[in-house]
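Subject: Handing over the structure

Hello,

Here is the structure I said I would pass on. Please open it first, then read my notes below.

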Amino acid sequence: MWFHWVIAALMAINLFLGFFHEDFGKAATPWLMFFHKAIGITVLGLSLARLLWRLGHRPPPFDEALRPWEASLARITHWLFYLMMIAIPLTGWLLSSSSGRTTNFFGLFEIAALPVSRSDGAHDLFEDLHEWLGKLMLGLIALHIAGATKHHLQGHRHLIGRMGPWLYRER
């Protein structure tokens, strides 16, 4: 549960930084990108740890309130989240690497560039992939929130309580 919320918060921060860093002016952009990259590496590490944990621990079954198609959509959405939580930071790392830059991890140490082409074509490809995956992640998040809201408004408040223990839970 905590993997979910920590990664969700970091992804929200990084999506914001990724899409709006230029709106803060030229002076702020390097600092915002410093944090964007370090948070991205953190998300990648946490997501890999979460995936390993998930592969070793069977999640609770879907609630009976879900129709079969809703459970299938939820299952697909969850696996797409895993894919995106790894692919987005990885394409960001590839993007930095295609410029020959290392990634500074919160000023603690440098993470080596990946062995990729340093051509303009490779850089543009990774930049486009990174941006499009970010946009797809926004759509996936919207779908996830819409599903949770739908069930909450239909009276299945216990479903949100399964992942938000501070929220309403049926006793």
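Let me begin with one residue. Arg 50 is buried, with a relative accessible area of 17%. Buried means under 20% relative accessible area, exposed means over 50%, and partly exposed is in between (1.4 Å probe, protein chains only). Arg 50 sits in helix H2, which covers residues 29–56. Which residues does Arg 50 contact, leaving aside its neighbours within four places in sequence? They are Phe 3, His 4, Ile 7, Tyr 82 and Met 85. Contact here means heavy atoms within 4.5 Å.

**How to read the numbers**

This is a predicted model, where local features need pLDDT of at least 70 and side-chain atom pairs count only at pLDDT 80 or more, while totals for chains, interfaces and linings use all residues. Residues are numbered from 1 along each chain as its sequence is written, and side-chain values use heavy atoms, with hydrogens and water left out.

**The overall picture**

The protein has 5 helices and 2 strands. These are DSSP runs numbered from the N terminus: helices are H or I with at least four residues, strands are E with at least two. From the N terminus on, the order is α-α-α-β-β-α-α. The C-alpha trace spans about 55 × 35 × 30 Å along its principal axes. The protein has 171 residues, and 32% of them count as buried. Take the contacts between residues at least 6 apart in sequence: 68% of them join residues at least 24 apart. The accessible surface comes to about 10800 Å². Carbon and sulfur atoms hold 69% of that surface. Such areas come from the Shrake-Rupley method with a 1.4 Å probe; for residues, only the protein chains shown count as cover.

**Salt bridges**

How many salt bridges does a search of the whole structure find? It finds 3. A salt bridge is a side-chain nitrogen of Lys or Arg within 4 Å of a carboxyl oxygen of Asp or Glu.

Start with Glu 70. Glu 70 is buried, at 7% relative accessible area. Glu 70 forms a salt bridge with Lys 150, and the closest N and O atoms are 2.7 Å apart. This pair links distant parts of the chain: Glu 70 is in helix H3 (residues 68–97), Lys 150 is in helix H4, and they are 80 residues apart. Lys 150 counts as partly exposed because its relative accessible area is 29%. Glu 70 also bridges to Arg 67, with the closest N and O atoms 3.9 Å apart. Arg 67 is partly exposed, at 45%. Together, Arg 67, Glu 70 and Lys 150 are linked in a network of salt bridges.

Now look at Lys 135 and Glu 131. Their closest N and O atoms are 3.1 Å apart. Both residues lie in helix H4, 4 residues apart, about one turn of the helix. Lys 135 is partly exposed at 35%, and Glu 131 is partly exposed at 38%.

His 36 deserves a look. His 36 is in helix H2. Is His 36 buried or exposed? His 36 is buried, with a relative accessible area of 11%. Beyond its neighbours within four places in sequence, His 36 contacts Asn 14, Leu 17, Gly 18 and His 130. His 36 and Gly 92 are 56 residues apart in sequence, yet 9.5 Å apart in space, C-alpha to C-alpha.

**A nonpolar patch**

Last, the surface. Phe 16, Phe 19, Phe 20, Phe 24 and Leu 138 form a nonpolar patch with about 460 Å² of accessible area together. Patch residues have over 30% relative accessible area and no salt bridge; nonpolar side chains (Val, Leu, Ile, Met, Phe, Trp, Tyr) are joined within 5 Å, like charges within 9 Å. Helix H1 (residues 2–20) gives the most to this patch, with 3 residues. Leu 138 lies in helix H4 (residues 120–153). Leu 138 counts as partly exposed, at 40%.

Best wishes
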